[in-house]
Structures are given as C-alpha cells and as structure tokens.
Amino acid sequence: MGKIILTGDRPTGKLHVGHYVGSLRRRVQLQNAGDYDKMFVFMADVQALTDNADNPEKIRQNIVEVALDYLAAGLDPDKCTLFIQSQIPELSELTTYLMNLVTVSRLQRNPTVKTEIKMRNFEANIPVGFFCYPVSQAADITLFKATTVPAGDDQEPMLEQTRELVHRFNTTYGNVLVEPNILLPQNKASMRLPGTDGKAKMSKSLGNCIYLSDTADEVWRKIKTMFTDPDHLRVEDPGKIEGNTVFTYLDAFSCDEDFAEFWPEYKNLDELKAHYRKGGLGDVKCKKFLNSVLNKELEPMRQRRHEFAQDIPEIFNILKKGTEKARETAAQTMDEVRRAMKIDYFNDTALIQQQVEKFKES
Ligand code: TRP
C-alpha cells in the first residue's frame with residue numbers, strides 16, 4: 001500500500017491566501033518533495049452544488065479560476081492528478097453505499113456541518129444533499145484510498161467521519177477502504193487565517209479576503225485597512241499582538257530571511273513583536289513589511305497565472321486528462337467495493353454455478 005495524498009476545494013470562488021496557507025502551500029511542497037506515490041487534487045463541484053443548487057453558473061465559472069490558482073501556486077499536472085469531482089460517476093456510486101453505514105443522528109453531530117447550517121440559515125430547510133456531504137467527502141477520500149489529506153482543522157470532523165465509515169465498511173464487507181489522516185498546517189496562524197477585518201475566517205461573502213490573483217495594488221489597499229490593535233492609537237503606545245491581524249499574517253507568512261531582505265533592523269518576528277509590545281513602533285511600518293512579504297510570495301504566482309491564462313483550452317485539456325487518470329483508480333476501487341459488497345453479479349462465475357446447484361433439485 002502506497003502513500004496517497006488527496007485533497008480538494010469547492011469551486012465557489014477564486015482561492016485566497018487562507019486557502020494558500022491552510023493547504024495549497026503544503027500541497028506544492030509535498031508534490032515537489034515527491035515522497036508520495038500518488039497525489040490527487042480536485043475541484044469539489046458536487047459538494048459546491050450542495051448549497052448552490054440554484055446557481056450552477058457560479059460553480060461552472062469558478063472551475064477555471066480554481067484551476068488557474070492551482071497551477072499558479074505550483075501544482076504540476078505531471079506530478080499531481082487534477083480532476084473535477086462531478087466527472088467521476090464512481091464517486092456518486094460509493095457515496096450511495098456509504099450512506100447505509102451512517103445514521104442521521106451521527107451526521108447531525110458533525111460540528112462543521114452544524115456551523116455551516118447556522119451560517120447559511122438553513123435551519124429546518126436543510127437540503128438532503130448538503131446534509132449528506134460528509135458522506136460524499138468520505139467517498140472522495142476513500143475511492144482513491146488516500147492515506148493523507150492536507151487540510152485546515154475545520155476538515156477534522158470530516159476526516160473523523162471518514163475513518164468511522166471506513167471502519168464500518170471494512171468490518172461489514174471486508175478490508176477494501178483505507179483510513180486517512182489529516183495533515184494540518186504547520187503553525188497555528190495558518191490553521192484558520194482570519195479575514196483582513198480580523199474576523200473569523202476569510203470568506204468571500206464578508207469581503208475580507210486577499211485573493212492569490214489580486215494585483216499588488218489591491219493587496220496593498222487591503223493591507224492598509226487591515227485590523228490591528230484598536231487601542232494602539234499613537235506610535236509610542238504599547239501594542240497588542242494577540243488578535244492583531246497583521247501579526248497573525250506575519251506568523252503565517254514571514255520567515256527570518258524576509259527580515260534580512262526587507263527589514264534588517266530585526267532578526268526575526270519575535271524581535272519585531274517585542275518592539276511592538278513595548279511601544280514605539282507604528283502599524284504602517286508593520287503593514288509595509290507584511291506587504292513586501294506577501295508580494296514576494298504572490299508575485300511569481302500572478303505571473304504564472306497570467307501565463308497559464310493565455311491558453312485556456314489547455315487548462316480544460318489538463319483537467320480532462322487528469323479526470324481520465326483519476327477514473328482509472330476510481331474504477332479499480334469500485335470493482336473491489338462491488339465484489340466485497342456482493343453486487344458484482346456478472347463477474348462472479350461461482351455465483352452462477354451456485355445458483356445452478358441451488359435450483360437443480362427444485
Ligand atoms: N470540504 C472541503 C472544503 O470545503 C472540500 C473537499 C471536498 C475536500 N472533498 C474533499 C477536502 C476531500 C479534502 C478531501 O474545502
């Protein structure tokens with residue numbers, strides 16, 4: 001059994017820096033380190049439709065945006081299979097069977113689903129497809145026998161539910177599926193990057209995102225208005241680091257080399273934080289540093305995005321080829337699943353013989 005990475009994103013909008021530090025950056029590192037046997041990254045359009053059923057055009061438009069973000073960030077279709085969820089019918093098939101192995105009350109207890117139901121004001125009107133998306137996500141992961149899922153900690157409940165389903169499946173039908181592990185971001189700030197307003201998570205509806213595809217001007221405009229310490233009114237005042245979005249972003253993005261390159265007065269982030277706490281350091285200086293750090297990371301991506309965007313038919317070609325490749329693995333696992341579940345009627349000569357015997361006497 002090899003080590004297999006799988007992860008994906010809902011194509012509901014362009015990817016932002018929260019996606020990047022939460023998972024995308026790590027995926028590129030893992031891809032380039034090359035110590036995994038297979039790697040799959042996909043656009044979860046089926047999952048996106050579970051709460052956007054009436055807006056398929058939005059999902060359709062964002063397929064290419066997300067593909068461009070992937071390629072710009074450095075995912076390489078030669079090393080990593082990029083595919084579109086809806087084009088793998090085996091995923092729906094496996095979802096159907098996994099649904100028999102989980103109860104309604106267990107799904108109701110999934111904390112991520114609970115939060116999302118509140119966020120979307122679904123209350124009593126929860127679409128069944130949305131309610132069941134953790135099962136569909138378990139199918140995404142297990143159909144490819146993924147061992148490792150790089151994702152933010154909001155995905156932990158999904159992984160837990162997946163492991164339970166794998167356990168139920170394997171004890172009921174025999175060992176076919178593989179229990180996956182989540183691979184969380186390396187530091188806490190990257191786990192759940194707040195929006196530029198300092199609030200909760202970045203989300204398009206809150207208008208607090210920095211997109212990977214934002215221009216340098218747009219990024220600076222957003223950083224300029226970023227939430228800091230509201231009590232840090234004068235430069236001389238001592239400042240607070242906790243809850244200060246600029247420092248949370250620096251935690252997620254900056255490294256010692258950035259100081260050497262852009263702000264050699266400080267050796268590292270700890271020194272900068274100490275000065276800010278003591279007082280005598282203005283927000284604008286910190287914001288300018290953050291801007292340099294972010295742009296150093298984003299500029300090469302902007303350029304690559306621009307280059308890839310010159311040949312859009314090739315993007316579709318990459319996704320089509322990736323989808324075909326993913327389907328090979330999908331078909332193989334589904335064969336095993338059908339055999340284990342005793343629904344492989346036409347491939348089982350022993351079954352035919354057994355039925356012949358059974359009906360001989362009567
Ligand atoms: N739920 C994930 C998100 O909201 C997207 C997703 C769908 C996913 N299927 C997955 C992530 C499988 C990891 C593995 O971003």
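Buried residues, meaning those under 20% relative accessible area (1.4 Å probe, protein chains only), make up 50% of the 362 residues in the chain. This is a predicted model, in which local features need pLDDT of at least 70 and side-chain atom pairs count only at pLDDT 80 or more, while totals for chains, interfaces and linings use all residues. Residues are numbered from 1 along each chain as its sequence is written, and side-chain values use heavy atoms, with hydrogens and water left out.

**Overall build**

- The chain has 17 helices and five strands; helices (H or I, at least four residues) and strands (E, at least two) are DSSP runs, numbered from the N terminus.
- Taken along the principal axes, the C-alpha atoms of the chain fill a box of roughly 100 × 45 × 40 Å.

**The ligand and its surroundings**

- The residues around the ligand are L6, T7, G8, R10, F42, A44, Q47, Q137, D140, I141, V149 and Q155; a residue is near a molecule if one of its heavy atoms lies within 4 Å of it.
- This shell has five nonpolar, five polar and two charged residues. Ala, Val, Leu, Ile, Met, Phe, Trp, Tyr, Cys and Pro count as nonpolar, Asp, Glu, Lys and Arg as charged, and the others, Gly among them, as polar.
- At least two residues of the shell come from strand 1 (4-9), and at least two from helix 8 (133-143).
- The ligand takes up the space of the largest pocket. On a 1 Å grid over the protein atoms alone, a pocket is an open set of points with protein on both sides within 12 Å along at least five of seven lines; a molecule sits in a pocket if more than half of its atoms lie within 2 Å of its grid points.
- An N or O atom in the side chain of R10 is 3.2 Å from an oxygen atom of the ligand.
- On its own the ligand has 360 Å² of accessible area, and the protein covers 89% of that. Accessible areas come from the Shrake-Rupley method with a 1.4 Å probe.

**Two lysines with positive phi**

- K145 has a phi near 50 degrees, a positive value in a residue other than glycine. K145 is in the loop between helix 8 and strand 4 (148-150), and it counts as buried because its relative accessibility is 13%.
- K342 has a phi near 60 degrees, also positive in a residue other than glycine. K342 is in the loop between helix 16 (312-340) and helix 17 (349-360). With 67% relative accessibility, K342 counts as exposed, a term for values over 50%.

**Contacts of D214**

- D214 belongs to the loop between helix 10 (188-191) and helix 11 (216-224). D214 counts as buried because its relative accessibility is 6%.
- The side chains of D214 and K222 are joined by a polar contact of 2.7 Å. A polar contact is a pair of N or O atoms within 3.5 Å; within protein, one must be able to donate a hydrogen and the other to accept it, and residues adjacent in sequence count only if both atoms are side-chain atoms.
- The side chain of D214 also reaches the backbone nitrogen of Y211, at 2.9 Å.

**A309**

- A309 lies in helix 15 (residues 283-309). Its relative accessible area is 33%, so A309 is partly exposed.
- A309 and L75 are 234 residues apart along the chain, and their C-alpha atoms are separated by 15 Å.

Key:
1 Å grid on protein atoms, 1.4 Å probe; cavity = no way out; pocket = protein on both sides within 12 Å on 5 of 7 lines; lining within 4 Å.
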